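Please prepare a short briefing on the structure below.

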Amino acid sequence: MGIIFHEEEQVFQIETPNTEYWIGIVDGAYLGHIYYGKKIGDAHCVYLLRTEERPFVPSKNRRDKCSFADSFPFEYPTWGTGDFRESCLSIRNAKGYRGCELFYESHEIFDGKPGLKGLPATFCKSDRAGAGESGLNAGGQTLEITCRDPFLNVKVVLRYSVFDDNDAVVRSAEIVNEGAKELYLEKVLSACLTLEDEDYDYLTLNGSWARERHIEKSPVSYGKQGVDSGRGISSHQEHPFIAVMDRKGDQDRGAVYAMHFVYSGNFLAQVEKNQFDSLRMVMGIHPEGFTWVLAPGASFTAPEVVCMYSSEGLGKMSHNFHDLYRSHLIRSPYLHQERPVLINNWEATYFDFDTEKLISIAREAKKHGIEMLVMDDGWFGQRDNDQCSLGDWVVNSRKLKGGLNYLVEQVKAEGLKFGIWFEPEMVSPNSELYRLHSDWALQIPGRPATQGRAQYVLDLSQPEVVDYAYQSVAKILRSADISYVKWDMNRPLTDVGSLHLEGKYQGELFHRYVLGLYEMQERLITEFPDLLLENCASGGGRFDPGMLYYSPQIWCSDDTDAIERLTIQEGTALLYPLSTMGAHVSDCPNHIVGRTTPFATRGHVALAGTFGYELDITRISAAQQAEISGQVALYHKIQPLVREGDYYRLASWRENHHYDAWEVVAKDKSEALVTVVQVVAQAAMRSRRIHVKGLAEDSQYRLEETGQVGTGKLWMEGGLLIPRYEGDFISRIYHFVRVDEE
Ligand code: GLA
C-alpha cells in the first residue's frame, strides 16, 4: 500500500488496498495515464501508453505533434495545443491568447494528506478534527506532481492521495501564476481519467425537485455525454457523480470506474469516447460562467475529486464510498452517535403555528418517545407565507409569544431538545434587509433580477454579507439552548452579478459564492461544536460530499412519500452512508404525490435514514400514535447497525417493477437487517427468494421474526423466502442475529 516512483521506468505506482493507478512520464516531459484497475504490480506496464504508435520526438518529427497530442492519454489535458478532446485547463493571457501545455518538472511523495484552503476535503485521520487547512497526518500518502507551462510560467501541482483503509484515489489540482502578468483561468477541472472502451455503460444520478438522484444507465457512445449543473448548487436535477461500468455488471460483478466531486456548486462530469475508442472521463467546476483572474504569485485550487475503482460491481463501489465518507470526510461529532428522533412541524403546520401549537406537538411527541422538536420555516420577521422576510432573522413575537428562549425552555421542560430552521443565503424583496441593502443581492445592474420562490440570493462573494448572514444565525443560536439547525437553500442562482466586484472578477462569482457558504458553515461548526447540523436545499438540491464535510446529515428530499423515497434513497445510498440521509415519516395522503401508504411502511423506509417525523402528531389517530412508540423503539434497537454497517442493495423496484429490498450488515457480521417493500402486489405468485448478502458463511444466524436458524451460507445461497403479501405498499423487516456458540 502506498505510492512509489519507479526511477528506471519513470512511472508512478499509486496503490490502494485493492487497486492500482499508474502514471508515466514520457521523454521526461509528458505526463500520461497508464492504467487504473486491479493490481498489476509491474512497472513494465509503461508500454500501455502506446507512445510508439504515434511517437513525438521534437528533434525528429515536429510535424507529427498534433497526432501525438490528440491520442496521448494526458493525465491533466490542456486546451489549445493539439489535444482536441475535453481539456481540464484553459488559460488566456493578458493579450487575449489562449493556449497551454504542461511539462513534468518534479514530484514529491509524503505521508498524510494536506487540507485544501477554504474547501472541503477528505482527510487521513479517521476522527472529526480532520487535517485542518495545512495539517498532515498519518493513515495515507500523497503524491504531488509539479508540471509547468514555460511560456506562461504557470505551475500546476497535481495531487493524488490514498488511504490505508480505502480504495479511493483522491485528486485535486493547484494552478500557480509564477509569471509577471495577470492570467485568466477560463477552465480548471479537477481530474481526468483515461480508459479503453470495453463495452461500458455510464451511470449518473438524475431527477428533479422532490425526485432527486434516480439512477440512470446508458451505453457510452461516441462524443461527449454526462451531467452538469449551472445552478450554483450541485442540484436536484443532476448529481456531481459519473461512473462507467461493464455493461453486464451489476451489484456484485463487473468493473466500475467512478468519480464524485467534493464540491457544492456548478460542475461538469463527463465521459467522452473518441476516434480511437478510448474514453476520457473528466470532472470539475463547470467552465461556463467561470473565469478566474490569477494575479502574479497567486494560486487557484480546484476542488477534490474522489476516483473509485471496483472490480466487484456497484456494491463494492458503494461500500468504498460509504467508508470513505464516514472515515475521511464527515467531521461532525454526531457521525458515530445516535441522532435524536425528531419531529419537524413543516408538513404539520406549514407557516401556521404559534408557541402553544408547538408545545402541544412537543407534549404529545414526548409520550411516544420522540426526542427533539424542530421548528421549521415561519418563525421570524413577518413570515406567514413564503413571500417575505428572508434576511430578517428576528423572532416573530406575534407567533412566538414570550420569545424564542421561552419556547425553547418550555419544549425542554416537556423533555425534548429544540431545533430550528434557517435559510441564511437568501433575502426576500419584501424584507427589512432588502430595503436597507438591496445591493447585497446578486444582480446585474439595470436588469430586473429573476425571483425564485419570491426571493433573491445574497452575494456571498462579499465578506460583509457573509458576516451578516452568519451573525444572524449565530445570534439566534447564542440566545437559546438550541441543539439542531436545519440550514436550507431554496432557489438556484441567477443574475450572477455582484455590485461590489470589479468587472474582471465577475466570472469568479459562482465559485466565490460557494467559498462564502463554506466559510459560514465552518464558522458555525467552530463556534457551536455540539450543534447537530442538517443541510438542505429544497430537499436534496445540495446533497453532495462538499456539504458532508460540515454536516453529518442532509435532508434527502421534500418528497416524503414512502414509495417515491425508495428510488430516491436507492440512488442516494449508491454513494452515501445511510447515516447521512435525512428521512421522516409524514402524514397521508402524502402532501407531494397524494398517495396513502401504511404507517408501518413509512416507518420502515424512514428507518433507512436518520429517522424522524413530519406530521401533526396531535391530530393523527390513536392507533398511529401508538405505532410511533414501536417505531421509535425499533429505531433505538437498529440504529447502530444502520449507522455503522455495510449497505447492500438486494432488489430494486425500479428494475423489477414489483418490490424493493436492501440490507445492512454489521462490520463484524454479528447481525444484519433486511428491509423489503412490496410495492405492487402480483397475482398467482409464490414466495420470492432473496439472497441475503455479507454474512459470515459458516456462522449460524437466527432470523428473529421466525426463529428459524441457518448458516450464513444457507441464507446467502439458499436465500430468504419472502411471502407474497396481500396488497400494495407492504413492508417487512428481517433481522438476522449471529447465534454461534462460544
Ligand atoms: C424547503 C425544505 C422544506 C421546508 C421548506 C420551508 O422546501 O426542503 O423541508 O423546510 O423549505 O420553507
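The points below are grouped by topic, after a note on the model.

This is a predicted model, in which local features need pLDDT of at least 70 and side-chain atom pairs count only at pLDDT 80 or more, while totals for chains, interfaces and linings use all residues. Residues are numbered from 1 along each chain as its sequence is written, and side-chain values use heavy atoms, with hydrogens and water left out.

**Antiparallel sheet**

- An open, antiparallel sheet is formed by four strands in the order β1-β2-β3-β4; strands are DSSP runs (E, at least two residues), numbered from the N terminus.
- Two strands count as paired if DSSP finds at least two bridges between them.
- At the edges are β1 (2-6) and β4 (30-38), each of which pairs on one side only.
- From one strand to the next, the twist averages 15°, with axes as lines fitted to C-alpha atoms and angles running from 0 to 180 degrees between N-to-C directions.
- Eight bridges link strand β3 (residues 19-26) with β4 in the antiparallel sense.
- Trp 22 has Tyr 35 in β4 opposite.

**Parallel sheet**

- Nine strands make up an open sheet with parallel pairing, in the order β28-β27-β26-β25-β22-β21-β20-β30-β29.
- Its edge strands, β28 (581-582) and β29 (585-586), each pair on one side only.
- Strands β20 (residues 342-344) and β21 (residues 372-375) run parallel and are joined by three bridges.
- Met 372 in β21 stands opposite Leu 342.

**Asn 93**

- Strand β5 (residues 89-93) contains Asn 93.
- The side chain of Asn 93 comes to 3.0 Å from the backbone nitrogen of Lys 95.
- Apart from neighbours within four places in sequence, Asn 93 contacts Leu 152, Glu 182, Leu 183 and Tyr 184; contact means heavy atoms within 4.5 Å.

**Ligand site**

- The ligand is surrounded by 13 residues, the closest being Asp 376, Asp 377, Lys 486, Gly 539 and Asp 558; a residue is included if one of its heavy atoms lies within 4 Å of the ligand.
- By class, this shell has six charged, four nonpolar and three polar residues, with Gly counted as polar.
- An N or O atom in the side chain of Asp 376 is 2.6 Å from an oxygen atom of the ligand.
- For Asp 488, a polar side-chain atom lies 2.9 Å from a ligand oxygen atom.
- For Asp 558, the distance from a side-chain N or O atom to an oxygen atom of the ligand is 2.5 Å.
- The ligand taken alone exposes 310 Å², of which the protein buries 97%; accessible areas come from the Shrake-Rupley method with a 1.4 Å probe.

Note on methods:
Polar contact = N/O pair within 3.5 Å; in protein donor to acceptor, adjacent residues only side chain to side chain.
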